[in-house]
Amino acid sequence: MIHFPKDFIWGSATSSYQIEGAASEGGRAWSIWDAFAHTPDRTANNEHGDMACDHYHRYKEDVKLMADLGLKAYRFSISWSRIQPDGQGAVNEEGIQFYSDLIDELLKYNITPWVTLYHWDLPLALHTEKDGWLNPEIADYFGTYADICFSRFGDRVKNWITLNEPWVVSILGYADGVFAPGRKSKDEPYLVAHQLLRSHGKAVKIYREKYEKTQQGTIGITNNCDWREPLTDTPEDVAAAQKALEFFLGWFADPIYFGDYPKSMRDKLGDRLPKFSEEDKEMLLGSSDFFGLNHYTTLYAADAPSGPAAENNVYGNGGIFEDQRVALSADPEWKTTAMQWPVAPWGCQKLLEWIKDRYQNPPLYITENGCAYNDEIVNGEIKDTERLDFLNGYLSACHKAIGNGVNLKGYFVWSFMDNFEWALGYSKRFGIHYMDYETLERTPKNSALWFKEVIKENGF
Ligand code: PNW
């Protein structure tokens, strides 16, 4: 068994809309995801998160399962519309109580909470009445919401993540339209990304000015990125892969580490890419205490100066092809998951090393990694051997990256239990616990038992 540094954080992750249910209970109002999922034909079988894993009612049972697994850390997200039903104004005390109780329950078992403030469930009222992420005022609304969370939970929560995957919000929500709010536009993704970044910056500024001294916590952002491997070693394909990474991860990380968007994006997009004011630049520069990374897969990248869009992914994994002109492809020899995402642990190692080199080796956490497979219960057991191989492979890649000097400090497996996989519904099973959606029973899979052993072996 591989051995990680002594203080390595072993965790698992979920998000509010994907597991909580109780969508209209406890004073919660709808988010854009409730509205999207209840619009015909936006999700597989018109599924939605009304009930999901019923975690809102069963959180104690879930925390106990986490304790049994030996988890040191649990990453979950707060539903903004449970805290502020309209996204602004009055605080819903019932919502505060739910998360407060969840946090206490985790601490009872020495599980450290890692809290994401925004995992895609924007209060619907902010979208319909205020144009949501398109409105520059959103940074103030988000700042106020974040302030409420810091003041109510910050005595016990020391690890904050402002946003989960702003790339997904921008590209899948505003370019491809396959995620809420379902818009298809060429320019909106860049406008939305800009406001997401400003909102992140604002929340961090509030935390540092008002809470950091007394609460002594850390705060950062989580971005997602796949690896892009040059299809050939021609300079054109090598440059295409680099450009693809800059349009994917550099888009959101460069403003935080360098104070502006990548040059490749500024050159290509010109006035279509918003500009940061001096004040925004200053607010964003250095605004993440750690590098949060969600990583799932790898594709080849090739230069595509012309021709049809060559994106080949369920979720339009390239993002605005016309702007990048990078053709993505998979090697037919690669194994894939139920999402058709190639399994390529070596890409994980390369990405970690790319981040180390580009951003001066920041403290890094993989806040999500995992895979969907069509797990089945046979005689009360789930033999998810493929998931076990996947996790083993990706953790070995992480281990090699650490050996090469990457400052990787923790790993959160996605997900703790099968849940509502957004537009793809409940059939896509990512969890290391199996969820029976009829009886709401949770059963550990092979991978969970293996993960438990890894944690134990690496325990302190
Ligand atoms: C992430 N892509 O979503 C999310 O953070 C989770 O909520 C989700 O369940 C998990 O990964 C699995 O999908 C992504 O197209 C969705 O590149 C799509 C992409 C990446 C991440």
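**Entry 1: a cluster of rings.** I began with one aromatic cluster, formed by Tyr-17, Trp-33, Phe-36, Trp-120, Phe-179, Phe-420, Trp-422, Tyr-426 and Tyr-437. For pairing, I took rings of Phe, Tyr and Trp (its six-membered ring) with centres within 6.5 Å; planes under 30 degrees apart are stacked, over 60 edge-to-face, and the rest tilted.

**Entry 2: what I am looking at.** This is a predicted model, so to speak of local features I need pLDDT of at least 70, and side-chain atom pairs count only at pLDDT 80 or more, while totals for chains, interfaces and linings use all residues. Residues are numbered from 1 along each chain as its sequence is written, and side-chain values use heavy atoms, with hydrogens and water left out.

**Entry 3: pairs across the chain.** How many aromatic pairs does the whole structure hold? My search of it gave 53. I looked up Trp-10 and Phe-451, an edge-to-face pair with 5.9 Å centre to centre and 75° between the planes. Trp-10 belongs to strand S1 (residues 9-13) and Phe-451 to helix H16 (residues 446-457), so that this pair links distant parts of the chain, 441 residues apart. Helices (H or I, at least four residues) and strands (E, at least two) are DSSP runs, numbered from the N terminus.

Buried or exposed? I checked Trp-10, which is buried at a relative accessible area of 0%, and Phe-451, buried at 1%. Buried here means under 20% relative accessible area, exposed over 50%, and partly exposed in between (1.4 Å probe, protein chains only).

Next came Phe-179 and Trp-422, a tilted pair at 6.3 Å centre to centre with 40° between the planes. Phe-179 counts as buried at 3% relative accessibility, and Trp-422 is buried too, with 2%.

**Entry 4: the ligand.** Which residues come nearest to the ligand? Of the 20 around it, they are Gln-18, His-119, Glu-368, Glu-421 and Trp-422; a residue is near if one of its heavy atoms lies within 4 Å.

I then noted polar contacts, pairs of N or O atoms within 3.5 Å. Polar side-chain atoms lie 2.7 Å from a ligand oxygen atom for Gln-18, 3.0 Å for Asn-164 and 3.3 Å for Glu-165. Taken alone, the ligand exposes 460 Å², and the protein buries 99% of that. These accessible areas come from the Shrake-Rupley method with a 1.4 Å probe.

Key. Polar contact = N/O pair within 3.5 Å; in protein donor to acceptor, adjacent residues only side chain to side chain.
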